[in-house]
Amino acid sequence: MGSDNNNDKELVARAKEGDTKAFDVLVQKYQYKVLNLVSRYVQGDEAQDVAQEAFIKAYRGLKNFRGDSAFYTWLYRVAVNSAKNYLMSSGKRKAKQQVDIDNAEYFDEAILLRDRHTPEHMLQTEELEVKVFEAISNLPEDLKIALTLREMDGMSYEDIADTVGCPIGTVRSRIFRAREALDKVIKTLID
Amino acid sequence: MSSDEQINDNDLELISSSLDQQLSEFERRRLNNNILTNKTNNASKSHPENDEIASVSDEAVKKLQRYSLISAIMKKECGDSIDANFSQRVMQAIENQSVSEELDEADISTISFNFYSRQKGDNRPKRTYGMKQVAGLAIAVSVATLSFLSFQQYAQTRPDSEHFISSTQTNSWESRSDSAVERMNKISPRVEFAPVQLNAQPSRNTIQDVRSHALDHEIEAYIYNHSGYASGRIVSPYSEITKLQDHSD
């Protein structure tokens, strides 16, 4: 268990060999985290462009990634540099404060410097959040507890199993079924 | 049958667990090699069975994306906007860049021979690429052959070459001089060179004569050695034109 780093390494190794599908999986996995990170520096639709550029840079620079650090740590560094380069080139020096790479994910100072509440973005984000949390509240109690302990509290399957008093396999199954229920909700919104 | 129904629950549970880093080594390999990025996708997409496998793989990746989105929403990690086609745009951009880089490399290799520029919208295949490579190779071979033949001819006619020395060592001075003159006149048929002493070893009988006329011989040898570089139309100022020879016979 806990083989996410190994999982990424394998995907990175395959992407280095030209398997774009493997890199696609990495994009799917980290796109929201990278977008969230970039959004702290760049506002609006430009954040999408910078995040996209970050992924493209990462793909092109994969040959230089030696695997000393975790893939997502390296990817975050690429994303932060892309955002900073964008700000430098566009003259939008909004992020005055230097951000340490380890804390970049949690850095929220730049939120004050940008206008993120464009109507369409608020509507989109709010609509998704409302639908998802409404669906969570409608879940059976055992599924709701398992999913919230995992996602909100960050507990491992083993800890959840100890807390709830059931086997790990049951926890795993409950979390999967909870996600499936939520997936049916957001799939209609996305598609 | 919908695409969702093509993936069984066990595979979906693996995708869910992979987000939580809760996979065993066996499950991780199964997920990567058989579910998310089936290796048969690259082998033969034209086969109907592989098309079906590819669609299952695509749906599995989409499922991973939606599970990630659920996680991001619950953790309040969503950015300014949520673009469902973000990964598609990224992969499309990567593919476009790869194609343009390949085309750029091809253009660089043919740029010196590209005498016409392709107009925008000209979809004709680049057929000149192979022909230009062949033409370049032919030119290189021609130059190399010419250089080789020139060197060979020069080596045979050069007075201080081994071939010339070995031939002069076995003959008398007169015959040696005659053959040298004949060779030089083949190079420059309009000029007949006077016989001179070269750097071949003279016999004991001629050593005294050579020493007494050392300066003259040095000058003549210099003229002899350097007159070979001239073309047939150039007459060395140190050589004496005595007669023209006819080589037609």
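Two residues are in contact if their C-beta atoms, placed from the backbone, lie within 7 Å. With that in mind, select A:Leu75: leaving aside residues up to four places away in sequence, A:Leu75 touches A:Tyr30, A:Val34 and A:Ala58.

This is a predicted model, in which local features need pLDDT of at least 70 and side-chain atom pairs count only at pLDDT 80 or more, while totals for chains, interfaces and linings use all residues. Residues are numbered from 1 along each chain as its sequence is written, and chains are lettered from A and ligands numbered from 1 in the order in which they are written.

Chain A has eight helices and zero strands, where helices (H or I, at least four residues) and strands (E, at least two) are DSSP runs numbered from the N terminus. Of the 191 residues in chain A, 36% are buried; a residue is buried if 20 or more other C-beta atoms lie within 10 Å of its own. Among contacts in chain A between residues at least 6 apart in sequence, 61% join residues at least 24 apart.

Now select residues 20-39 and 44-60 of chain A, which are helix 2 and helix 3. They pack at an angle of about 135°, with their axes 9 Å apart. Axes here are lines fitted to C-alpha atoms over the stretch in contact, and angles run from 0 to 180 degrees between N-to-C directions. That angle makes helix 2 of chain A oblique to helix 3 of chain A (under 35 degrees counts as roughly parallel, over 145 as roughly antiparallel, 65 to 115 as roughly perpendicular and the rest as oblique). On the helix 2 side, the residues in contact include A:Val34 and A:Val38; on the helix 3 side, A:Ala51 and A:Ala54 are among them.

Finally, bring back chain B. The contact between the chains takes 45 residues from chain B and 55 residues from chain A. On chain B, helix 1 (9-19), helix 2 (25-36), helix 4 (48-74) and helix 5 (86-110) each supply at least two residues of the side that touches chain A. Helix 4 of chain B gives the most to that side, with 12 residues.

Methods
Buried ≥ 20, exposed ≤ 12 C-beta atoms within 10 Å, placed from the backbone.
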